Amino acid sequence: MRIATWNVNSINARLEGVLAWFEAAAPDVAVLQEIKCVDEKFPTEAFERLGYNVAVHGQKTYNGVALLSKSPLEDVRRGLPFVVDGEVDDQARYIEAVISAPIPVRVAGIYLPNGNPLGTDKFAYKLAWMKRLQAHAQALLTYEEPLVIAGDYNVIPEVEDVHDPAAWLGDALFQPESRGAFRALKNLGLVDAYMQADGAPGGYTFWDYQAGAWPRNNGIRIDHLLLSPQAADRLNGVTIHRDVRGEEKPSDHVPVVVDLAL
DNA sequence: ATGCCGGGTGGAACCCGA
């Protein structure tokens, strides 16, 4: 079973290229981030024609996530639980479902907050969101089942994951607090699929639109798939579809696909 | 290069992304 994650930077602006990629790559499951539309504006029928079941957690203008699967979706959750009662969150950044394959797998799609600039409520929101994610991941891990938490984490885990580390020292994606929270998440018992399957430096998944970042390969690795032990034990490989970045009207992120023996 | 590009909104200029 192949499970993909892709920040598409507006599903409707990107639809033609996204559908072409889905026809060619044909992942069994995919999570999309930054769809930038409400549920009713998501091109559900176009994906259904390709054989996908569709679950959407959208919002107007910003954020928005979707989960697609050729097998039926069960137990769909939209939004992370709150750690403290009474908290509110109007940003659509989390979707989760159980894929009813012969061996079921729970797949979560996340669009983790960017957090820039530092010293603002945006960075505090990022760290608070990561705490909520950690609490929920800890709960899910108690099920001891195949689990994949995939998406745009907006965290550069290590210096090997960035072409020009010095340029990112003041950025929320490369702060010790952000990297520490990502490590804490992994320390619950989750495995970074790319690091287990490959681990080569420079496995970038994002290149800025500006300043010739793509032709200069000035990239960062921020799109990750974290696996529970039951999923990691079935890991066949990970593929970063970096060529997609060079196509017409690309997203600034490329798809990352994990292959699990499920 | 704390916005050079690019998308969305709304109908110009501004918010947001990483």
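In the predicted model, Val-191 stands opposite Leu-227 in β12. This pair belongs to the contact between β9 and β12, which are antiparallel and share 2 bridges. Strand β12 also pairs with β8, again in the antiparallel sense, over 5 bridges. There, Gly-151 is the residue opposite His-224 in β12. Strand β12 covers residues 223-227 and is mostly covered, with 5 of its 5 residues buried. Asp-223, Leu-225 and Leu-227 point one way from β12, while His-224 and Leu-226 point the other way; all of these residues are buried.

Strands β8, β12 and β9 are part of an open sheet of 6 strands, in which the order is β5-β6-β7-β8-β12-β9 and the pairing is mixed. The edges of this sheet are formed by β5 (73-78) and β9 (191-192); each has a single partner strand, so one side of each is left without a neighbour in the sheet. Within the sheet, β6 (residues 94-99) and β7 (residues 105-111) are antiparallel and are joined by 6 bridges. Val-98 is placed opposite Arg-106 in β7.

A further open sheet of 6 strands has the order β3-β4-β2-β1-β14-β13, also with mixed pairing. Its edge strands are β3 (53-57) and β13 (235-240), each of which pairs on one side only. From one strand to the next, the twist averages 15°.

Strand β2 has pairings with β4 and with β1 in this sheet. Strand β2 (residues 29-33) and strand β4 (residues 65-69) run antiparallel and are joined by 5 bridges, and Leu-32 stands opposite Ala-66 in β4. With strand β1 (residues 2-7), β2 pairs in the parallel sense, over 5 bridges. The bridge partner of Ile-3 in β2 is Val-29. Of the 5 residues of β2, 5 are buried, so the strand is largely enclosed by the rest of the structure. Val-29, Val-31 and Gln-33 point one way from β2, Ala-30 and Leu-32 point the other way, and all are buried.

In soluble globular proteins, nonpolar side chains tend to be buried together. When its neighbours within four places in sequence are left aside, Ile-3 is in contact with Pro-27, Asp-28, Val-29, Val-107, Val-148, Ala-150, Val-257, Val-258 and Leu-260.

DNA strand B is surrounded by 25 residues, and the closest are Ser-10, Ala-13, Asn-114, Asn-116 and Ala-211. The residues of the surface near DNA strand B divide into 9 nonpolar, 10 polar and 6 charged.

Asn-116 also takes part in a cis peptide bond: the bond from Asn-116 to Pro-117 has omega near -10°. Pro-117 lies in the loop between β7 and α3 (121-141). Positive phi values were found in two asparagine residues, Asn-63 and Asn-217. Most residues other than glycine have a negative phi, and most peptide bonds are trans. For Asn-63, phi is near 60°. Asn-63 is located in the loop between β3 and β4 and is partly exposed, with 19 other C-beta atoms within 10 Å. A residue is counted as buried if 20 or more other C-beta atoms lie within 10 Å of its own. For Asn-217, phi is near 55°. Asn-217 is in the loop between β10 (206-207) and β11 (219-220) and, with 14 C-beta neighbours inside 10 Å, counts as partly exposed.

Ala-167 is found in the loop between β8 (147-152) and α4 (176-187). Ala-167 has 12 other C-beta atoms within 10 Å and is therefore exposed. The distance from Ala-167 to Ala-261, C-alpha to C-alpha, is 39 Å, and the two residues are 94 residues apart in sequence.

Notes. Residues numbered from 1 in each chain as written. Chains lettered and ligands numbered in written order. Predicted model: local features only at pLDDT ≥ 70, side-chain atom pairs only at ≥ 80, totals over all residues. Pairing = 2+ DSSP bridges. Helix = DSSP H or I, 4+ residues; strand = E, 2+ residues; numbered from the N terminus. Axes fitted to C-alpha atoms, helices over the stretch in contact; angles between N-to-C directions. Near = placed C-beta within 6 Å. Nonpolar A, V, L, I, M, F, W, Y, C, P; charged D, E, K, R; others polar. Contact = placed C-beta atoms within 7 Å.
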